[in-house]
Amino acid sequence: GDAANPLPVEMVSFTTQCDENVTKLEWVTASEVNSQEFQVERSRDGLNWTSVAVIPAAGTSNQFITYNFEEEIMGLRYYRLIQIDFDGQYEIFGPISSNCSSSENSVSVYPNPTNGQFTVQINSKEEVKESSLNISDATGKIIYRQELLLQEGTNSYFINQNLERGVYFLQIKDGLNRFNTSKIVVH
């Protein structure tokens, strides 16, 4: 980022998980400047959005802050955050998706190709207590690792890494190789 013009909100993560038929959203900010609120919006198709909650933001902060929102809902839904400043500026994070009735194991990454900010969506048939998300470069060296506790259904993770241009491989390590490996192209 440009030091002279810092981002109003530095988003660390934006994730969804299913707990039976409850979709739980969580997002974490590392810093906020002049931040008034987060609007949580939901969509069935990723095109038409409905506001479902307004969560007051911290104003100005340089500490990690965790926000939560949850609702009972079944089926595929998309969520995004609109972060609004006191001066009316806004920024959109997402969308990420949730599907609390998914029945297959899969991993997808979007957008892909990416600039280093992307969402990893993991559909899991069952709860997986111990697993990790690993991103390795073309030589096989692991450059990013995150411990996961996968819930049944869709689990979405927003990854924000300054990755060099090139090809990377994303694997969910759960000991049973239930998940496909995804190729990520950083441009």
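Here is a short exchange about the predicted model shown above.

Biologist: What is the mean pLDDT of the protein chain?
Modeller: The structure is a predicted model, and pLDDT is the predictor's confidence in each residue. In this chain, 96% of the residues reach 70 or more. The mean pLDDT is 90.

Biologist: In which strand is confidence highest?
Modeller: Start at the other end: confidence is lowest in strand β7, residues 106-110, at a mean of 89. The highest value is 96. It belongs to residues 50-61, strand β3.

Biologist: Which strands stand at the edges of the open sheet?
Modeller: The open sheet has 4 strands in the order β10-β9-β12-β13, with antiparallel pairing. An edge strand has a single partner, so one side of it is left without a neighbour in the sheet. The strands at the edges are β10 (142-150) and β13 (182-186).

Biologist: What does the twist average from one strand to the next?
Modeller: This concerns the sheet ordered β10-β9-β12-β13. From one strand to the next, the twist averages 20 degrees.

Biologist: How many residues of strand β8 are buried?
Modeller: Buried means under 20% relative accessible area. Strand β8 covers residues 117-124 and is mostly covered. Of its 8 residues, the number buried is 7.

Biologist: How many bridges join β8 to β11?
Modeller: β8 and β11 run antiparallel. Thr119 has Phe158 in β11 as its bridge partner. The number of bridges joining β8 to β11 is 8.

Biologist: Which residue in the turn between β7 and β8 has a positive phi?
Modeller: β7 and β8 run antiparallel, joined by 5 bridges. They form a hairpin with 6 residues between them. The phi in question is about 110 degrees, and the residue is Gly116.

Biologist: Is Val107 buried or exposed?
Modeller: Val107 lies in strand β7 and stands opposite Ile122 in β8. Its relative accessible area is 7%. The cut-off for buried is under 20%. Therefore Val107 is buried.

Biologist: How far apart in space are Val107 and Ser35?
Modeller: In sequence, Val107 and Ser35 are 72 residues apart. In space, C-alpha to C-alpha, the separation is 33 Å.

Biologist: Where is Pro111, at the cis peptide bond from Tyr110?
Modeller: The bond from Tyr110 to Pro111 is cis, with omega near -10 degrees. Another cis bond runs from Gly94 to Pro95, with omega near 5 degrees, and Pro95 is in strand β6. Pro111 is placed in the loop between β7 and β8.

Biologist: What is the relative accessible area of Asn34?
Modeller: Asn34 is found in strand β2, residues 22-43. It has a positive phi of about 60 degrees although it is not a glycine. Asn34 is partly exposed, and its relative accessible area is 29%.

Biologist: Which element gives the most to the lining of the largest pocket?
Modeller: The largest pocket has a volume of about 320 Å³. Elements giving two or more residues to its lining are β1 (9-19), β6 (90-99) and β11 (153-160). With 4 residues, the element that gives the most is β1.

Biologist: How many charged residues are in the lining of the largest pocket?
Modeller: The lining has 14 residues, and Leu7, Glu10, Met11, Gln117 and Asn160 lie nearest the centre of the pocket. By class, 7 are nonpolar and 5 are polar. The charged residues number 2.

Definitions and conventions:
Residues numbered from 1 in each chain as written. Predicted model: local features only at pLDDT ≥ 70, side-chain atom pairs only at ≥ 80, totals over all residues. Heavy atoms only, no water. 1 Å grid on protein atoms, 1.4 Å probe; cavity = no way out; pocket = protein on both sides within 12 Å on 5 of 7 lines; lining within 4 Å. Points joined across faces, edges and corners; volume = space filled by probe spheres on them. Nonpolar A, V, L, I, M, F, W, Y, C, P; charged D, E, K, R; others polar. pLDDT = per-residue confidence, 0-100. Pairing = 2+ DSSP bridges. Axes fitted to C-alpha atoms, helices over the stretch in contact; angles between N-to-C directions. Buried < 20%, exposed > 50% of the residue type's maximum accessible area, 1.4 Å probe, protein only.
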